[in-house]
Amino acid sequence: MLFYVSAHAAHGIDLRTDDSLLRLGDVIQQRSNQNQQAQSAISDQQQRADQLAKQQGRSPADADLLATLQQQAGLTPLQGPGLTVTLNDAPPDATARIPGVPEPGVNDLVIHQQDIQAVVNALWRGGAQGVQVMDQRLISTSAVRCVGNTLLLQGRVYSPPYVIRAVGRTTDLHAAVDADPSVRNYLQYVTAYGLGWKVQENGELNLPGYTGSTDLHAATGQ
């Protein structure tokens with residue numbers, strides 16, 4: 001009877017197989033790979049569009065204005081002095097480093113969305129001309145999202161350590177990061193539990209131009 005009920009319910013399908021049951025992490029990684037391929041294709045199309053636009057001819061003034069707007073929008077490479085900030089998870093077996101501090105929970109030992117966002121916002125406030133997270137340039141519609149201990153950025157997935165680069169006056173950038181309340185809160189966890197934190201001044205940084213789609217698909221207002 002058991003075999004009959006099982007066969008009847010399966011309709012010819014193996015009930016015990018899990019081939020079609022991908023874990024969420026697998027799905028995210030799969031989508032990330034697909035998005036990376038799509039971004040590469042979009043970049044190629046944008047280069048072709050730029051070449052065709054140049055062939056049609058513009059006045060020097062129009063060409064200069066377009067170049068300025070593209071640079072401000074983060075669509076062209078950017079070079080200059082700047083700052084590199086690296087955040088990393090604490091060792092999984094980390095314990096409290098300061099007497100009187102409670103032993104850490106799982107959430108105390110990993111980088112969170114607000115930690116990365118705090119650094120990015122501080123760099124913008126410090127006058128950054130451009131910001132790059134991992135290998136991607138940020139633009140006005142970029143959003144930093146974390147799922148567990150992985151970073152989702154513009155359709156791609158990253159694991160720590162998280163590297164953030166910004167081009168601008170290094171003294172202003174450094175001062176803005178040091179003064180940010182959310183960054184100061186993060187640094188308390190660095191001291192207490194050993195989360196990773198490194199700030200490096202760079203004489204010359206090379207940030208890539210953003211190559212993804214710039215379309216805003218949906219927006220709501222209140």
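Biologist: Why is Tyr186 called buried in this predicted model?
Modeller: Tyr186 has a relative accessible area of 3%, and since buried means under 20%, Tyr186 is therefore classed as buried.

Biologist: What makes Trp197 count as partly exposed?
Modeller: The relative accessibility of Trp197 is 24%, which falls between the cut-offs of 20% for buried and 50% for exposed, so Trp197 counts as partly exposed.

Biologist: Why is the aromatic pair of Tyr186 and Trp197 called tilted?
Modeller: The ring centres of Tyr186 and Trp197 are 5.7 Å apart, with 55° between the planes; because rings pair if their centres lie within 6.5 Å, and planes under 30 degrees apart count as stacked and over 60 as edge-to-face, what remains is tilted. This pair links distant parts of the chain, with Tyr186 in helix H6 (residues 181-193) and Trp197 in strand S8 (residues 196-207), 11 residues apart.

Biologist: Why are helices H4 and H5 called oblique to each other?
Modeller: The axes of H4 (residues 113-125) and H5 (residues 170-179) cross at roughly 135°, and because 65 to 115 degrees counts as roughly perpendicular and over 145 as roughly antiparallel, H4 and H5 are therefore oblique.

Note on methods
Residues are numbered from 1 along each chain as its sequence is written. This is a predicted model: local features need pLDDT of at least 70, side-chain atom pairs count only at pLDDT 80 or more; totals for chains, interfaces and linings use all residues. Side-chain values use heavy atoms; hydrogens and water are left out. Axes are lines fitted to C-alpha atoms, for helices over the stretch in contact, and angles run from 0 to 180 degrees between N-to-C directions. Helices (H or I, at least four residues) and strands (E, at least two) are DSSP runs, numbered from the N terminus. Angles under 35 degrees count as roughly parallel, over 145 as roughly antiparallel, 65 to 115 as roughly perpendicular and the rest as oblique. Rings of Phe, Tyr and Trp (its six-membered ring) pair if their centres lie within 6.5 Å; planes under 30 degrees apart count as stacked, over 60 as edge-to-face and the rest as tilted. Buried means under 20% relative accessible area, exposed over 50%, partly exposed in between (1.4 Å probe, protein chains only).
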